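Trainee: I have a new structure to read. Where should I start?

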Amino acid sequence: MTELCDLRCRYCMPKEGVCKKRGDEIFTEEEMVTAVEAAASLGVRKVRITGGEPLVKPNILSICRRSAAVPGIQEVCVTTNGLGLSGLAEPLRGVGVRRINLSLDTLEREKYAYMTRRDRLNDALRGLEAALEAGFEKVKVNTVLIGGFNDDEIPALAALTLRYPIDMRFIELMPMGGGFEQRAYLPCGVVLERLPMLEPVGQSGTARLYRLPGALGNVGLISPVSAHFCAECNRLRLTADGKLKPCLHGGEEFSIKGLDRAGMEAQMRRAVLAKPECHAPLSSARPSQSGRAMYRIGG
Ligand code: SAM
Ligand code: SF4
């Protein structure tokens, strides 16, 4: 949707940010809606709007409203750092967004300012409150586990589920080739070691779900590195410059920029058939073959 962002998370973006692409290089709103229509006609039922930071897009409400109105689309979700949610949570709900994923790696102001290179923890927390007040069907908080940075906060982050009806999901740091210190990688198993009282309650998509006694929501563990979930992956990713990626960690891309709906459908079929059975195991010695950091793919 966009490569631009109002944060500069160290594991995701260069500190100088990214150059704004020329208008003719990025996928337009019309193209996005056509792509959603093409996908829906092939059986896609769920659209996730992400980035970069989707809430910095001036036409975010229009894109969500038009995507949610496409026949066949049952769910439009947004993944955001939450900074813009205090003003946008209710409007997003109003245009048909059903779920929000909010990324939050720490509850401590100085650590947040260090990791995101911006002193905006309060805006993110206000965004979380706004999302809860707006009445989305589900609000999930996503935390990338970073050894030596936020592993000491696992109990405090999980305890958010005692206060709020949210799913709190811990995600393993993926080696995306951006130069971020991969020694910081921790397997999700550390969450179970720190919180032995967690009770398994099932699986939701790629997340194994647990619950703290008396909690209002679940703790989820997403382990793309220690236990990849390729067999369950049914996603196609579309980059801000109009490339379909069959696999997050593969280099193959299918351009749909400038195509009409029939052309997009044909490329989508090719991209689905090109989904690999499994990507190569990830490690710091063998980073993702994607050729793009997450802000250029959409996480
Ligand atoms: N800006 C929005 C946000 O932060 O939620 C949406 C885009 S961001 C790329 C989506 C998610 O990808 C965030 O939760 C972020 O923490 C995660 N992410 C980025 N780089 C990652 C990496 N190397 N490993 C694991 N997760 C990563
Ligand atoms: Fe921006 Fe999200 Fe990447 Fe952080 S993780 S720099 S908020 S795109």
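Mentor: Start with two words. Buried means under 20% relative accessible area, and exposed means over 50%. Keep in mind that this is a predicted model.

Trainee: Which exposed residues does H4 carry on the face turned away from its buried side?

Mentor: That face carries Arg109 and Glu110. Now turn to the other side. Helix H4 covers residues 109-116, and its buried residues are Lys111, Tyr112, Met115 and Thr116. Seen down the axis of H4, these buried residues fall within an arc of 110 degrees, so they line one face of the helix.

Trainee: What covers the buried residues of H4?

Mentor: The cover includes helix H5, residues 121-134. Look also just after H4, where Arg117 takes a positive phi of about 60 degrees.

Trainee: Which residues of helix H2 are buried?

Mentor: H2 runs over residues 60-68, and Ile60, Ile63, Cys64 and Ser67 are its buried residues. They line one face of the helix, because their arc seen down the axis of H2 stays within 95 degrees. Their cover includes helices H1 (29-41) and H3 (85-94). Strands S1 (46-49) and S2 (75-80) are also part of that cover.

Trainee: How do I read the nonpolar core? How many residues does the largest one have?

Mentor: A core is a set of buried nonpolar residues joined through side-chain atoms within 4.5 Å. The largest here has 66 residues. Those with the most contacts inside it are Ile49, Leu92, Val97, Phe136, Phe170 and Val191.

Trainee: What does Ile49 touch, not counting residues up to four places away in sequence?

Mentor: Its partners include Ile60, Ile63, Cys64 and Ser67.

Trainee: Now the whole chain. How many helices and strands does the protein chain have?

Mentor: Nine helices and eleven strands. Of its 299 residues, 50% count as buried. The C-alpha trace spans about 50 × 45 × 40 Å along its principal axes.

Trainee: Why does the radius of gyration agree with a compact globule?

Mentor: Compare two values. A compact globule with 299 residues would have a radius of gyration near 19 Å, and the protein chain has 18 Å, so the two agree. Then check the contacts. Among those between residues at least 6 apart in sequence, 69% join residues at least 24 apart.

Trainee: Which residues surround ligand 2?

Mentor: Cys5, Leu7, Cys9, Cys12, Met13, Gly52 and Asn81. Sorted by class, this shell has five nonpolar, two polar and no charged residues.

Trainee: Let me try single residues. Is Ser284 buried or exposed?

Mentor: Ser284 counts as exposed, because its relative accessibility is 56%. Ser284 lies in the segment after helix H9 (261-273). Sequence distance and space are separate questions. Ser284 and Met176 are 108 residues apart in sequence, with 8.8 Å between their C-alpha atoms. Beyond four places in sequence, Ser284 touches Pro175 and Gln182.

Trainee: And where is Glu252?

Mentor: In the loop between strands S10 (243-245) and S11 (254-255). Glu252 is partly exposed, with a relative accessible area of 45%. Its C-alpha atom is separated by 27 Å from that of Asn101, 151 residues apart along the chain. Leaving out residues up to four places away in sequence, Glu252 touches Leu244, Lys245, Pro246 and Ala274.

Methods. Residues are numbered from 1 along each chain as its sequence is written. Chains are lettered from A and ligands numbered from 1 in the order in which they are written. This is a predicted model: local features need pLDDT of at least 70, side-chain atom pairs count only at pLDDT 80 or more; totals for chains, interfaces and linings use all residues. Side-chain values use heavy atoms; hydrogens and water are left out. Buried means under 20% relative accessible area, exposed over 50%, partly exposed in between (1.4 Å probe, protein chains only). Helices (H or I, at least four residues) and strands (E, at least two) are DSSP runs, numbered from the N terminus. The arc is that of the directions from the helix axis to the C-beta atoms. Contact means heavy atoms within 4.5 Å. A residue is near a molecule or strand if one of its heavy atoms lies within 4 Å of it. Ala, Val, Leu, Ile, Met, Phe, Trp, Tyr, Cys and Pro count as nonpolar, Asp, Glu, Lys and Arg as charged, and the others, Gly among them, as polar. The radius of gyration is taken over C-alpha atoms; the globule rule is 2.2 Å times the number of residues to the power 0.38.
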